[in-house]
Amino acid sequence: MNQINKMKVMLSEDYKSEGIILAWPSIYESKIYWGDLLRVYYEIITSCLQYDKKIILIIQKGRNIYDDLELIGKDISDQIKVKGEFFQLYEIDYNDIWMRDYCPLTFINKSNHKYYFNITRFNGYGNKYACDKDKILSFKFIKKYQEENNRYQKEYLKIFNDLIIEPGNIIFDKNLILINKTPLLLHNDLDWKSINDILKIGIEDFLGARYEIINVQPINGDDTNGHIDNLIRLENTNYLYYMASNDTKHPDYRLLMNLKDQLMRITLKNKKIIPLYHDHLDVVRDHKDNILPFSYLNYIRIGSLIFMPINKNTSLSKKNEIKKIFHYADVIFIEITSLLNERGGLHCCSMNI
C-alpha cells in the first residue's frame with residue numbers, strides 16, 4: 001500500500017454533474033403520504049427535463065409510472081416526447097429509494113472520462129435494514145454504464161474493502177473532503193485508528209486529496225446516525241454552508257453550536273463559511289409527533305440548478321434569503337414532508353451523475 005501512486009481521477013462535483021439517478025417510490029404506495037411522494041418526484045422529474053438535466057429513473061419490473069402519476073392528476077408523457085433524450089427508465093428491483101448511499105460515486109479524469117466506483121459495502125446503516133437488492137442494483141449499474149473497465153476501480157475497491165462509508169456521509173469539492181466520524185464508528189466493526197488508516201490511504205495517498213473529520217451526533221429524526229449531507233455542503237471550491245441555529249427552541253440548537261465550533265477549528269483556506277439558519281418553525285413532525293430530519297442543507301445540486309427542500313412553515317422571507325445565498329444557481333423549492341416521513345430528504349433520494 002505504501003507504494004501506491006495517486007490516482008489520475010477525482011470525485012466529480014455536483015455543480016459539474018449532468019443529471020441524477022432516482023428510484024421510483026412505489027415501494028411506499030401503501031403509505032398515507034403516497035400521493036405526496038408522487039408529487040415530489042413529479043416536480044423533480046419535470047423540472048429536470050425543463051432544464052435539460054438527465055434522469056435515470058430506476059423502477060420495479062412491470063411498473064407503470066404513468067398510471068401512478070394519473071392518481072394525482074399528473075402526466076409527463078408530453079415532456080418525455082419532447083425531452084426523451086434526457087429521460088431513461090432502468091428496470092431492476094431495490095430495497096429502498098435512498099440512492100445516495102448505495103449507488104456508485106462518479107469519478108472523472110482529465111480526459112473527461114467518467115468512472116463509477118462503489119466504494120462501500122453498503123450494510124443498511126449498520127444492518128438496520130435489508131439491502132441485498134440495493135447491492136445488486138449498484139453492481140449492475142456500474143456494469144451497465146461504466147465507460148470502460150479500468151485498474152482504478154479494482155485498486156480503489158481493494159483499499160476500501162473493509163470499510164463501510166456511505167456517499168451521503170461524504171461532502172467534497174476538488175480541494176477538500178469532509179466526513180462525519182459518528183456514522184463511520186456505528187456502521188463499522190473497526191476502531192477509529194483502523195478506519196482513519198483506510199481513509200488516509202484511500203483519500204490522501206490514492207486520490208491525492210485532503211480530508212477533514214467532524215464528530216457530530218445526528219440531528220433529531222436522522223436514521224443514518226449522522227450523515228454529513230444534513231450538516232455541511234461544499235460549493236464551487238469557495239463556499240462552505242453549514243446547518244446553524246440561533247434559536248434555543250430548536251431541538252438541535254446545542255448540536256449545531258457544536259458543529260459551528262468544530263468548523264471554526266478546521267483550516268478552511270479560501271472558503272467563505274456561510275450558515276443556513278434553522279429555527280423552531282423549521283421543525284417537522286410526523287402524525288405521532290416524532291421529529292423528522294429536516295435540513296435545508298439536504299438539497300440537490302445539478303449543474304446550475306438547485307432543488308431546495310422546504311417545509312410547510314418555510315416563509316417567503318426565508319425563501320428570498322436562500323435565493324440570495326445561492327445567487328449563482330436557479331433555485332426550485334420543493335416541500336418534502338412525505339420524504340421526511342421515510343427519514344430522508346432530497347439529497348438522500350438522488351445520486352448525481
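## Exercises on strands, a sheet and a helix

Phe-107 sits in strand S5 (residues 105-109); strands (E, at least two residues) and helices (H or I, at least four) are DSSP runs, numbered from the N terminus. The model is predicted, so local features need pLDDT of at least 70 and side-chain atom pairs count only at pLDDT 80 or more, while totals for chains, interfaces and linings use all residues. Residues are numbered from 1 along each chain as its sequence is written, and side-chain values use heavy atoms, with hydrogens and water left out.

**Exercise 1.** Decide whether Phe-107 is buried or exposed, and find how far it lies from Glu-13 in space.

*Solution.* Start with the cut-offs: buried means under 20% relative accessible area, exposed over 50%, and partly exposed in between (1.4 Å probe, protein chains only). Phe-107 has 0% relative accessibility, so it counts as buried. Next, take the C-alpha atoms: Phe-107 and Glu-13 are 8.9 Å apart, although 94 residues separate them in sequence.

**Exercise 2.** Work out the strand order of the sheet that contains S11, and trace how the chain gets from S11 to S12.

*Solution.* Two strands pair if DSSP finds at least two bridges between them.

1. S10 (residues 232-235) is antiparallel to S11, with four bridges; here Leu-234 faces Leu-240.
2. S11 and S12 (residues 272-277) run parallel, joined by six bridges. Tyr-242 has Pro-275 as its bridge partner in S12, and Tyr-239 has Lys-272.
3. Put together, the three strands make an open sheet of mixed pairing in the order S10-S11-S12. S10 and S12 are the edge strands, each pairing on one side only.
4. From S11 the chain passes through helix H10 (residues 253-264) to S12 in a right-handed β-α-β crossover: with the strands pointing away from the viewer, the path from the first strand over the helix to the second runs clockwise.

**Exercise 3.** Examine the two faces of S11: which residues are buried on each side?

*Solution.* Recall that side chains in a regular strand alternate between the two faces of the sheet. On one side of S11 you find Tyr-239, Tyr-241 and Met-243, and on the other Leu-240, Tyr-242 and Ala-244, all buried.

**Exercise 4.** Explain why helix H1 can be called largely enclosed.

*Solution.* Count the buried residues of H1 (residues 34-50): they are 12 of 17, so the rest of the structure largely encloses this helix. Among them are Trp-34, Tyr-41 and Cys-48. Just after H1, Asp-52 has a positive phi of about 60 degrees.

Notes:
The expected span of a helix is 1.5 Å times one less than its number of residues.
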